[in-house]
Amino acid sequence: MNIDWSQLVTRSMKEEAAAEQVLATVVAESARRRAIADKAIPTLQDAVDIDEATEEEVALLKAWKKYRVALNRQPEEPGYPADVIWPTAPN
């Protein structure tokens with residue numbers, strides 16, 4: 001019987017594959033959340049740019065921008081990607 005060592009899967013390989021899957025899941029979720037923010041911001045920004053925004057719209061625009069910045073900074077957080085604490089999206 002010949003052993004095909006190229007088919008050997010080590011614990012290290014399994015751990016690496018699991019870590020890659022966690023990262024892919026977090027990146028996909030971050031992109032999903034970012035898309036929501038990217039959709040909300042332009043209309044609010046337009047209202048601000050043409051001086052027709054209400055105080056609530058100005059505050060909401062700032063909140064969405066803070067949320068988007070927080071999403072972009074997540075890879076810098078300790079424990080990323082295994083331990084992600086998602087920022088809360090504005091209402």
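This is a predicted model: local features need pLDDT of at least 70, side-chain atom pairs count only at pLDDT 80 or more; totals for chains, interfaces and linings use all residues.
Let's work through it together.

**Exercise 1.** Compare the radius of gyration of the chain with that of a compact globule of 91 residues.

*Solution.* 
- Step one: a compact globule of 91 residues would come out near 12 Å.
- Step two: the chain itself has 21 Å.
- Step three: turn to the box filled by the C-alpha atoms, which is roughly 80 × 20 × 20 Å along the principal axes.

**Exercise 2.** Describe the surface of the chain and its charges.

*Solution.* 
- Begin with burial: 16% of the 91 residues count as buried.
- Finish with the charges: the chain carries 11 positive and 16 negative ones, and their mean positions lie 3 Å apart.

**Exercise 3.** Take the contacts between residues at least 6 apart in sequence, and find what share joins residues at least 24 apart.

*Solution.* 
- Keep the pairs at least 6 apart in sequence, then pick out those at least 24 apart: they make up 58% of these contacts.

**Exercise 4.** Locate Gln74 and decide: is Gln74 buried or exposed?

*Solution.* 
- Apply the cut-off: buried means under 20% relative accessible area. Gln74 has 5%, so Gln74 is buried.
- List the neighbours, leaving out residues up to four places away in sequence: Gln74 touches Ser30, Tyr80, Val84, Ile85, Trp86 and Pro87.

How values were computed. Residues are numbered from 1 along each chain as its sequence is written. Side-chain values use heavy atoms; hydrogens and water are left out. The radius of gyration is taken over C-alpha atoms; the globule rule is 2.2 Å times the number of residues to the power 0.38. Buried means under 20% relative accessible area, exposed over 50%, partly exposed in between (1.4 Å probe, protein chains only). Contact means heavy atoms within 4.5 Å. Accessible areas come from the Shrake-Rupley method with a 1.4 Å probe; for residues, only the protein chains shown count as cover. Lys and Arg count as positive and Asp and Glu as negative; His and the chain ends are not counted. The place of a charge is taken as NZ of Lys, CZ of Arg, CG of Asp or CD of Glu.
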